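Here is my note on this chain, in numbered points. Please keep the model open while you read.

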Amino acid sequence: MKKLTRKVETLLRGISIRQRLLSLGLIVLAVACACLFYLTLRSVQVTRATIRNSNSTVVTVISINLDDWLRDLYIATKMPILQAPDRTEIYNFLTANQGDITRSSSEDRYTYFYNAYKECYALMEMNSRVSTIDITDLKGNYLRTLSTEDHDMVYKEISGNYYYMHSYVMGKMNLDKTWTERVMKLRGRMYCLPKDLIEGTDHFIKQDTSFYAARAIVNSDTVRPIGMILIRCDVEPLLDYFKDKRTFSSQKLSVFNREGELLFGDLDAEYTSELSRALSFGDDNKKTSARSQKLNIGGRRYLGDYTVTAEGYTAAVLTPYDVYVEYIIRQERAFFIFMCLVLAGLAVCFSSIVNSIRNPLRHLEAACKEVEKGNFSITLDDEGKDELTHFSKSFETMTSEIQLLIQEKYEQKLQYNHLEIQMLRAQINPHFLYNTLESISAGAYLKGEKELAYMAVLLGRSLRYSISQPDDTVTVRQELDELHDYMELQKIRYKEQLNFCVSIEEELYDHRILKLLLQPLIENAVYHGISMQTQNGSIELLGYVKNEKIIFKVIDNGPGIEEPYLTDLNDYIQGKNEKFKTIGLRNVNRRIQLFYGSQYDVHIESSPPFGTSVIVVIPARAYAASLAAGGLAPFAERKM
């Protein structure tokens, strides 16, 4: 990734800053245009979704109401046959007269009309959606029971084919009609009349706002029709709801039966067949949630939103596509103009910003060419307050201080050489001290001070060990040899007060560890554990492998460390506080983490008054192979 970045930077550096700034401006404008396009598209999508959601809500509400009406009509049209516990007077009378009420006497007919009116009126009282009920015999003689609203209308429109009696009308109709033939052929199944079959027929009132359903009254013994019931529902409230909720006044509502025949709505008759074909009516027309579909009807494009009810009827809302698009454009026009003005403002602002950068850089370029010629008396008249002004002032200062910087660089070089000489001298001092100890040892031995001579020899060995190994690591065996000399010195001081025992796996003796890793741990145990006792002091050094880690543990039988002092001490070793001044264990921990990683460390465990353990954990590394081959080796005992 860095190589690619450098290549791009190199390529860009081959182009002038003016061209780069111009390119940046074009990129910014392109991004802004893309954002404008996206925001406009998103806004259009939101507007479209709002319109479609509104249409979907309308058709869903209409389909729910349509389902309720169909269930009520299904029950209502069965009234002449199914009325518990006995048959209705309508059924009994039509059955007795074989579907021709003129066969009865006038007195019987009057009684029949009165009883039929009461039964129909009771049905209308139970079902508020029913506005008109017609009971017709096979000869076309019918009794029409009216709601209060329909009663007032019919009273005003009495013609020669009816005569008016309270809330019902009697008359005669022509049964030689397509819709009556369909009803009779269905033999008792309900049939919802299409709008095209009732238009232009005087028998049907309020044709534009009505929904008609009919069913043949069938003799249950002979299974033959003996009459017919025709029920009208007023859908004007539903149409009013549509007009109130629709988005555009040009939207049209259409409701179809299973066969794709228009039941009611304001769709033009010549477009009904095209719409029914476009919506694919058929036997598989099952209940669906609201859907949208683009349609082409009568040479005009529409957006159709429709839903299919549980009974297989379809409610559809048609929106002219040109009206739909015009509405979206009108809604987004102000937003689009605003965004164009924003883009124009951005272009002007960016042009000003480019010039504010390009002009100072051009002046700096001219000044640099003067410096190349050796002219350091450059003055840049820049009154701005930005970074380029600061750069110009700095450039002026730089040209006047070049010689001073050269002199300072020369002096720094001299100081560095002096420091290097001091470091070489510091390396000579340990050698001088070691040679001096050799002389002291020889002098003490000649004077009979053998113990003092031995101590000088041991101390000299320790000094030699610290300066004679150029590497950072030594073997465990070498570290133990150095510890032997150190403990001999301590035993001369503490005598029988101190016992020291080493238990380390033999396979670890040739493993390389950090030099002077163990000596600070032993020194800590001597001075903080054993020095506080008068006798029977004991220090034990353990070394073993566990979970591919080498663990060294220094255990003393001193008084131990109480909490919370122990927690503070461990935090100090890890560098989490500065509550102590000692550096031994903290330096060992820091060396371990720098050399092996932060997952390895030094920590202290203590159980007062039973002593203290200092534990070092380092990686096994090369020793891991021997672990896999042979497991843990037995401990090797060594007394010092």
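1. Start with the residue classes. Ala, Val, Leu, Ile, Met, Phe, Trp, Tyr, Cys and Pro count as nonpolar. Asp, Glu, Lys and Arg count as charged, and the others, Gly among them, as polar. With those classes, the lining of the largest cavity has four nonpolar, two polar and three charged residues.

2. Now the cavity itself. Keep in mind that this is a predicted model. Searching the whole structure gives one cavity of 30 Å³ or more. The volume of the largest cavity is about 40 Å³. Its lining is made up of Thr132, Asp134, Arg144, His203, Ile205, Tyr212, Leu230, Ile231 and Arg232. The largest share, three residues, comes from β7.

3. Next, the largest pocket. It has a volume of about 640 Å³. The lining holds 30 residues. Which of them lie nearest the centre of the pocket? They are Asn524, His528, Leu569, Thr582 and Leu585. By class, the lining of the largest pocket divides into 16 nonpolar, ten polar and four charged residues.

4. Which elements build that pocket lining? At least two residues each come from α14 (519-528), α15 (565-573), α16 (584-596) and β19 (612-619). The helix α14 gives the most, with seven residues.

5. Look at Thr473. This residue is found in strand β13, which covers residues 473-475. Is Thr473 buried or exposed? Thr473 counts as buried because its relative accessibility is 17%, and the cut-off for buried is under 20%. Leaving out residues up to four places away in sequence, Thr473 touches Arg512, Ile513, Leu514, Lys515 and Phe595.

6. Then turn to Cys501. It lies in strand β14, residues 498-505. Its relative accessible area is 14%, so Cys501 is buried by the cut-off of under 20%. How far apart are Cys501 and Leu542 in sequence and in space? They are 41 residues apart in sequence. Their C-alpha atoms are 8.6 Å apart in space.

7. Step back to the whole chain. The secondary structure comes to 17 helices and 20 strands. The chain has 640 residues, and 42% of them count as buried. It exposes about 36,900 Å², of which carbon and sulfur atoms supply 54%. Take the contacts with a separation of 6 or more: residues 24 or more positions apart account for 63% of them.

8. Finally, check the confidence. The average pLDDT of the chain is 76, and 79% of the residues score at least 70. Two stretches need a separate look. Over residues 419-429, pLDDT stays under 50. The model has zero contacts beyond four places in sequence for residues 419-429. Over residues 622-640, pLDDT also stays under 50. For residues 622-640, however, the model has 41 contacts beyond four places in sequence. Find both stretches in the model before you move on.

Terms used: Residues numbered from 1 in each chain as written. Predicted model: local features only at pLDDT ≥ 70, side-chain atom pairs only at ≥ 80, totals over all residues. Heavy atoms only, no water. pLDDT = per-residue confidence, 0-100. Contact = heavy atoms within 4.5 Å. Helix = DSSP H or I, 4+ residues; strand = E, 2+ residues; numbered from the N terminus. Buried < 20%, exposed > 50% of the residue type's maximum accessible area, 1.4 Å probe, protein only. Areas by Shrake-Rupley, 256 points an atom, 1.4 Å probe, with all protein chains shown as cover. 1 Å grid on protein atoms, 1.4 Å probe; cavity = no way out; pocket = protein on both sides within 12 Å on 5 of 7 lines; lining within 4 Å. Points joined across faces, edges and corners; volume = space filled by probe spheres on them.
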